[in-house]
Amino acid sequence: MAKKAVPIAETHAIAFFGFGRQYQKAANLLYEADKTLTLPTYFLYSHAIESALKAYLRAANLPILADNERKHHKIRALYDECNKLGLRIGSDDPTNIRNIVGLLEDANEDQGLRYFTSKGAGFPELPWLRDASKICSPRWSRT
């Protein structure tokens with residue numbers, strides 16, 4: 001008898017966290033190897049942060065839903081929800097991650113980090129984004 005697939009809303013936190021770590025590692029490797037490949041690097045860091053935020057919500061036993069309350073790729077709302085639950089990244093969030101996720105979400109409007117778009121967007125500086133991706137390390141905490 002085949003196993004029933006677990007809905008993404010119920011996926012274990014460690015699965016999201018593991019994917020986030022892999023995307024972060026890939027982004028770090030690309031960042032170090034070739035500074036001209038900015039869009040793929042932005043995409044990888046963005047997805048790493050999104051996965052880490054979803055891991056945090058799942059660790060709090062909250063589902064990841066694709067509805068009007070919490071949609072995929074809405075990383076600003078994901079961050080705000082995690083922050084309300086007590087997410088703290090370092091002392092007083094020195095990377096200003098809410099600003100970073102806002103810029104990433106705006107840049108990714110209409111899948112702008114994956115496909116060509118004529119819409120202009122602001123991007124966080126890559127070193128700043130790389131620092132923010134430390135959310136993918138096991139050091140985040142709940143207060």
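Two residues are in contact when they have heavy atoms within 4.5 Å of each other. The model is predicted, and the contacts described here are computed from it.

Leaving out neighbours within four places in sequence, Ile49 is in contact with Ile97, Val101, Leu104, Leu129, Ala132, Ser133, Ile135 and Cys136. Three of these partners, Ile97, Val101 and Leu104, belong to helix H4 and also meet Tyr42 and Ser46 or Ile49 across the contact of H2 with H4. By class, that contact has five nonpolar residues, one polar and no charged. The axes of H2 and H4 lie 11 Å apart, at an angle of about 125 degrees. An angle over 145 degrees would count as roughly antiparallel, so H2 and H4 are oblique to each other. Their crossing is left-handed.

H2 also packs against H1. The axes of H1 (residues 13-33) and H2 (residues 38-59) come within 7 Å and cross at roughly 160 degrees, which makes H1 roughly antiparallel to H2. This crossing, too, is left-handed. On the H1 side the contact includes Phe16, Phe17, Phe19, Gly20, Tyr23 and Tyr31, and on the H2 side it includes Pro40, Phe43, Leu44, Tyr45, His47 and Arg58. Sorted by class, the contact of H1 with H2 has 16 nonpolar, six polar and two charged residues.

The next pair is H3 and H4. Helix H3 (residues 75-84) and helix H4 (residues 97-107) pack with their axes 8 Å apart, at about 155 degrees, and H3 is therefore roughly antiparallel to H4. From H3, the residues Ile75, Arg76, Ala77, Tyr79 and Asp80 make the contact; from H4, Ile97, Arg98, Val101, Gly102, Leu104, Glu105 and Asp106 do. The contact of H3 with H4 has six nonpolar, one polar and five charged residues.

Which residues of the largest nonpolar core touch the most other members? They are Ile49, Leu53, Leu87, Ile97, Leu129 and Ile135, in a core of 33 residues. Two or more residues each come from H1, H2, H3, H4 and helix H5 (126-132). H2 gives the most, with 10 residues. In soluble globular proteins, nonpolar side chains tend to be buried together. Ile49 and Ile97, both named among the core residues with the most contacts to other members, are also in contact with each other.

Conventions
Residues are numbered from 1 along each chain as its sequence is written. This is a predicted model: local features need pLDDT of at least 70, side-chain atom pairs count only at pLDDT 80 or more; totals for chains, interfaces and linings use all residues. Side-chain values use heavy atoms; hydrogens and water are left out. Axes are lines fitted to C-alpha atoms, for helices over the stretch in contact, and angles run from 0 to 180 degrees between N-to-C directions. Helices (H or I, at least four residues) and strands (E, at least two) are DSSP runs, numbered from the N terminus. Angles under 35 degrees count as roughly parallel, over 145 as roughly antiparallel, 65 to 115 as roughly perpendicular and the rest as oblique. A crossing is left-handed if the near helix is turned anticlockwise from the far one by less than a right angle, and right-handed if clockwise. Ala, Val, Leu, Ile, Met, Phe, Trp, Tyr, Cys and Pro count as nonpolar, Asp, Glu, Lys and Arg as charged, and the others, Gly among them, as polar. A nonpolar core is a set of buried Ala, Val, Leu, Ile, Met, Phe, Trp, Tyr and Cys residues joined through side-chain atoms within 4.5 Å. Buried means under 20% relative accessible area, exposed over 50%, partly exposed in between (1.4 Å probe, protein chains only).
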